[in-house]
Each structure stands twice: as structure tokens, then as C-alpha cells.
Amino acid sequence: MAVNKPKGDNARKGAVKKRSQVKTTLGGATAWTKRSKKSGEFMAVKKPAKKAKAAKKFKGVRVEKKRARAAR
């Protein structure tokens, strides 16, 4: 028997569209910064826990690839 999902359960199916995340450093610790693909604006930062050295990634948001260094 098929069951409809409950309304208002805030369950996301699939990836978050028009967003990406970049690994950054924040006070010597690793943090993740979420960016809007449309405007390039930084939207949010996930900071590490007090005793952790690295923060967890945003769920369902794609990770940007590292850019190659520009030729000098």
C-alpha cells in the first residue's frame, strides 16, 4: 500500500540546487562556507565544534573543485 509522505516533515529529496560549498580556514580550523551560484555571495559558514579541528559539510550541497593556480 502506498503512503504519502507527511506534510511539513522538511525532508529534501536530492541535491540542493544553485548552491556550492568551499573548504576554508577559520582561526586555524577547517570550516565550510556555502555560496550562491547565481550571485557568488557567501551565504553561511559551518564552524567547527569547540574541541573539533574541522567542521562538518553542509548536507546535499555540492563541493567546488579546487582551481589550478594561475600562471605567473
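Residues are numbered from 1 along each chain as its sequence is written, and side-chain values use heavy atoms, with hydrogens and water left out. Because the model is predicted, local features need pLDDT of at least 70 and side-chain atom pairs count only at pLDDT 80 or more, while totals for chains, interfaces and linings use all residues.

The protein chain contains zero helices and four strands, in the order β-β-β-β from the N terminus. Helices (H or I, at least four residues) and strands (E, at least two) are DSSP runs, numbered from the N terminus. The accessible surface of the chain amounts to about 6,900 Å², computed by the Shrake-Rupley method with a 1.4 Å probe; for residues, only the protein chains shown count as cover. Carbon and sulfur atoms supply 52% of this surface. Of the 72 residues, 18% are buried, where buried means under 20% relative accessible area, exposed over 50%, and partly exposed in between (1.4 Å probe, protein chains only). Contacts are defined by heavy atoms within 4.5 Å; among those between residues at least 6 apart in sequence, 35% join residues at least 24 apart.

Phe58 is located in the loop between strand E3 (42-46) and E4. Its relative accessibility is 13%, and Phe58 therefore counts as buried. Apart from neighbours within four places in sequence, Phe58 is in contact with Gln21, Trp32, Thr33, Lys34, Ala44, Val45 and Lys46. The C-alpha atoms of Phe58 and Val45 are 9.2 Å apart, at a sequence separation of 13 residues.

Side chains of opposite charge can pair when their charged atoms come close. One salt bridge is counted, under the criterion of a side-chain nitrogen of Lys or Arg within 4 Å of a carboxyl oxygen of Asp or Glu. This salt bridge joins Arg35 and Glu64, whose closest N and O atoms are 3.0 Å apart. The pair links distant parts of the chain, 29 residues apart: Arg35 belongs to strand E2 (residues 29-36), and Glu64 to the segment after strand E4 (62-63). Arg35 is partly exposed at 23% relative accessibility, as is Glu64 at 25%.

A surface patch of positive charge comprises Arg12, Lys46, Lys56 and Lys59. Patches are made of residues with over 30% relative accessible area and no salt bridge, like charges being joined within 9 Å and nonpolar side chains (Val, Leu, Ile, Met, Phe, Trp, Tyr) within 5 Å. Lys and Arg count as positive and Asp and Glu as negative, without His and the chain ends; charges are placed at NZ of Lys, CZ of Arg, CG of Asp or CD of Glu. Arg12 lies in the segment before strand E1 (19-26) and is partly exposed, with a relative accessible area of 44%.
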